[in-house]
Amino acid sequence: MFELETLSPKQIVAELDKYIIGQKKAKKAVAIALRNRVRRQKLDDAMREEVAPKNIIMIGPTGVGKTEIAKRLSKLCGAPFLKVEATKYTEVGYVGRDVESMVRDLMNVAINMVKAEMREQVIKEAEARTEDIILDILLPGVKNKPQQPQPDQVNQGAIPLPEVIDERTISTREKFRDMLRKGMFEDKEIDINVSKKVMPAFEIFSGSNFEEMDLNLGGIAGIFGNNKKKKRKATIKNAREVILNEEIDKLIDTDKAADIAKERVQEMGIIFIDEIDKVAGKENRGGGVDVSREGVQRDLLPIVEGSKVNTKYGMIDTAHILFIAAGAFHMSKPSDLIPELQGRFPIRVELEALGAEDFERILTQPENALIKQYKELLKTEEITLEFTDDAVKRLSYLAQEVNSKTENIGARRLHTVMEFLLEDVSFEATELKGQTISITPEYINEKLGTIIEDQDLSRYIL
Ligand SMILES: Nc1ncnc2c1ncn2[C@@H]1O[C@H](COP(=O)(O)OP(=O)(O)OP(=O)(O)O)[C@@H](O)[C@H]1O
Ligand SMILES: [Mg+2]
């Protein structure tokens, strides 16, 4: 069912390699952790309960790929995956989101995932139903009753000839079906009934813990008319989508979806906590902010350790959710985290600072490499953009120079340097149609040379 199940650690690393250069240790740790979940699934019940996930902290300077690893992981991951920023949370009682909400969010991710899979299973049926509903609207009465009975027939109570009418109506219906499929009515407006979403009433007093409200209001919603239908006009094109979604909803067994999702969250769920370093720092430096920081850590503890969190789909046990935390830790150290929390993250991996050689590869190799992006962008203006190998080298070297002279912002430097380098080309692109622009070391020197020599200038510009 999961793609993940079939991926070996090496394959996971290979997938990450497509987007992230270097950082072997981090990739390896993550891959092992993922694979261990799959292995755990195969153990007998007693042992499976015992095996706790080995949570990971990724430590590395800014802009070296921590968040990028998380993003790519989530894409290739068949498991429910949530990425959150630790800074988004505040201690219970403060304004902000409570830490437990991450579990509810993960559950929502899983629900959507399971529903999407179920959707695949029912889509054919739902499409057929949708077509019939639209035909019913287009040809009211055609299905069951004779088509537009003549007034005299009605008055005189004439006896309709069922067979004849049936055949006629059926063939009309089929003709319309045919035309509908050919897209001949796409812009025709019809009246549809749509379920009204009645929520605004709660938003007024929902405050920060909307999900909790949501939790308790399931039953009350009906009183406020949550199931009321509302008539509205829509083109068949738009109506089809609305009706299809409603039919899908009807066909999907929500309880079953919730059960499956819950199981997945508990057994395979992954939460990536980014910016963990920003809630580290024990010293009470700035008053309230720090109190709240440590509070966030304390609130995190039970969740990471394993506890039950109430969601609208029932209690979720977090004991086997895998947590991957990441942070630059240049203002603080992992040892500034409260000791209990440190212990919950037994695996530490360091990501290395990136140098000129890494930049060369980052500029060219990943599937989303910057140079590839700019080439594609300019191609839409019918400009062929080329970079000589020497140019890539030069650019990487310069990016590295700026990083070492001002502040090391890692691969993010490439974004600023590239943007500045290609500013003129980007600006004049519409007039350069049909040309080939070759970026050479000379071109780079001309555009960037003076700025890079002048530290003050590069501080502002690059
Ligand atoms: N090793 C790498 N390979 C390819 N691209 C990278 C690499 N490191 C960083 N990048 C690119 O640099 C940008 C910033 O990286 P990312 O968001 O992962 O930084 P980070 O490590 O999370 O930093 P921070 O600590 O500031 O959050 C992204 O656009 C990413 O694609
Ligand atoms: Mg980041």
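What share of the 462 residues in the protein chain is buried? Buried residues make up 29%, where buried means 20 or more other C-beta atoms within 10 Å of the residue's own, exposed means 12 or fewer, and partly exposed lies in between, with C-beta atoms placed from the backbone. The model is predicted: local features need pLDDT of at least 70, side-chain atom pairs count only at pLDDT 80 or more, and totals for chains, interfaces and linings use all residues. Residues are numbered from 1 along each chain as its sequence is written, while chains are lettered from A and ligands numbered from 1 in the order in which they are written.

The protein chain has 20 helices and 11 strands. These are DSSP runs numbered from the N terminus (helices H or I, at least four residues; strands E, at least two). Of the contacts with a separation of 6 or more, 81% join residues 24 or more positions apart. A contact requires C-beta atoms, placed from the backbone, within 7 Å.

The largest nonpolar core has 88 residues. Such a core is a set of buried Ala, Val, Leu, Ile, Met, Phe, Trp, Tyr and Cys residues joined through C-beta atoms within 7 Å. Val-30, Met-58, Leu-106, Met-107, Ile-271 and Ile-324 have the most contacts inside it. Helix 5 (residues 101-138) gives the largest share of this core, eight residues. Domain 1 (4-110 + 259-350) and domain 3 (356-456) both give residues to the core, so it lies between them; the domain bounds come from an automatic or database assignment. A second, separate core has five residues, including Ile-192, Ile-236, Ala-239 and Ile-243.

Ile-324 is in contact with Val-30, Asn-55, Ile-56, Met-58, Ala-70, Ile-270 and Phe-272, leaving aside neighbours within four places in sequence. Ala-70 belongs to helix 4, where Lys-66, Ile-69, Arg-72 and Leu-73 are also buried. The cover over these buried residues includes helix 1 (9-17), helix 2 (24-41), strand 1 (56-59), strand 2 (81-85), strand 5 (270-274) and strand 8 (322-327).

Helix 4 (residues 66-76) also gives the largest share of the shell around ligand 1, three residues. Of the 18 residues around the ligand, Thr-62, Gly-65, Lys-66, Thr-67 and Ala-411 come nearest (near: C-beta atom, placed from the backbone, within 6 Å). The shell has seven nonpolar, eight polar and three charged residues. Domain 1 and domain 3 each supply at least three residues to the shell.

Conventions. Contact = placed C-beta atoms within 7 Å. Nonpolar A, V, L, I, M, F, W, Y, C, P; charged D, E, K, R; others polar.
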